[in-house]
Amino acid sequence: AELVIVSTYGDTNQVAPLYAMGATGVFTKALDEALLNDAVDIAVHSAKDMPSQLAQGLAEFAYLQREDPRDVLLATTNEVQLYYLARPLVIGTSSVRRQALMRHYFPHVTLKDIRGNVDTRIQKMEAGDYDGIILARAGVKRMGLEKYIVQKFNASSFTPAIGQGAIAVVGRAEDKRQEKIREALDHAPTHVALKAERAFLRQLNGGCSVPAFGLATVVHNQMHMVAGMFDQNSHELLRYEADAPLEEAESLGTQLADKVLTKVSS
């Protein structure tokens, strides 16, 4: 296989917060174009970066086994703990979801936008621009940087982004090798969980600018899902959870999204 590195708008624009870019697919559009132009055969994404609706002509081939989906707080010293009020803390994140959850649970903390890849963010933290930064544990673990983790957030309250911790493999819908690729790479429990989560996001019509969250887990032949969003008008944290058989995964995600939309519009 030949590895093709594609730079996306989200990679090259290291200044603007993601929510301010005003478009979906900032990390995926360039790879979509490479697929549709036959420059590459498959594209690999962090599932949480994918828009709720794929570009026409593309399909989700597989999802690799999900890593720990939780968010973590990184710092250069264990003295940085969000639960302690000894001194004011400056925490870096550019995610509207993380910002909303932080303001809800830790209103005493000062939040500051941060962009760049993981190494760049850690360098900014070590330079003293931030007391700590919030990242997905999956990426931190994959890069061997767990020594910086000082706090792991509980997924039931500080619920992750849709698809967080999962790697998605996308290709052209008419590719005849689709089933072979799926057989070789797909982790069925992760795939069905992502069906529910992405159905939730699709029903919300959400992207990087919506403080939505959701996590589906498979236990035997049942699925449990917790999902919701922060209502920026009422400043209320909306969270719902439910169970369903695996074959009703997408319906489960849609139903939870409808509960959120009903509450927001009431």
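These legends walk through a few close-up views of a predicted model. Local features need pLDDT of at least 70 and side-chain atom pairs count only at pLDDT 80 or more, while totals for chains, interfaces and linings use all residues. Numbering runs from 1 along each chain as its sequence is written, and side-chain values use heavy atoms, with hydrogens and water left out.

**View 1. Helix α2 and its buried face.** Helix α2 covers residues 29-36, and its buried residues are L31, D32, A34 and L35. Buried here means under 20% relative accessible area, with a 1.4 Å probe and protein chains only; helices are DSSP runs of H or I, at least four residues, and strands are runs of E, at least two, numbered from the N terminus. The buried residues pack against β1 (42-46), β2 and β8 (167-172).

**View 2. L58 in strand β2.** L58 sits in β2, residues 58-63, and counts as buried because its relative accessibility is 9%. Leaving aside neighbours within four places in sequence, L58 has contacts (heavy atoms within 4.5 Å) that include D32, L35 and V170.

**View 3. The largest nonpolar core.** This core has 20 residues; such a core is a set of buried Ala, Val, Leu, Ile, Met, Phe, Trp, Tyr and Cys residues joined through side-chain atoms within 4.5 Å. Its largest share, six residues, comes from α7.

How values were computed: Buried < 20%, exposed > 50% of the residue type's maximum accessible area, 1.4 Å probe, protein only.
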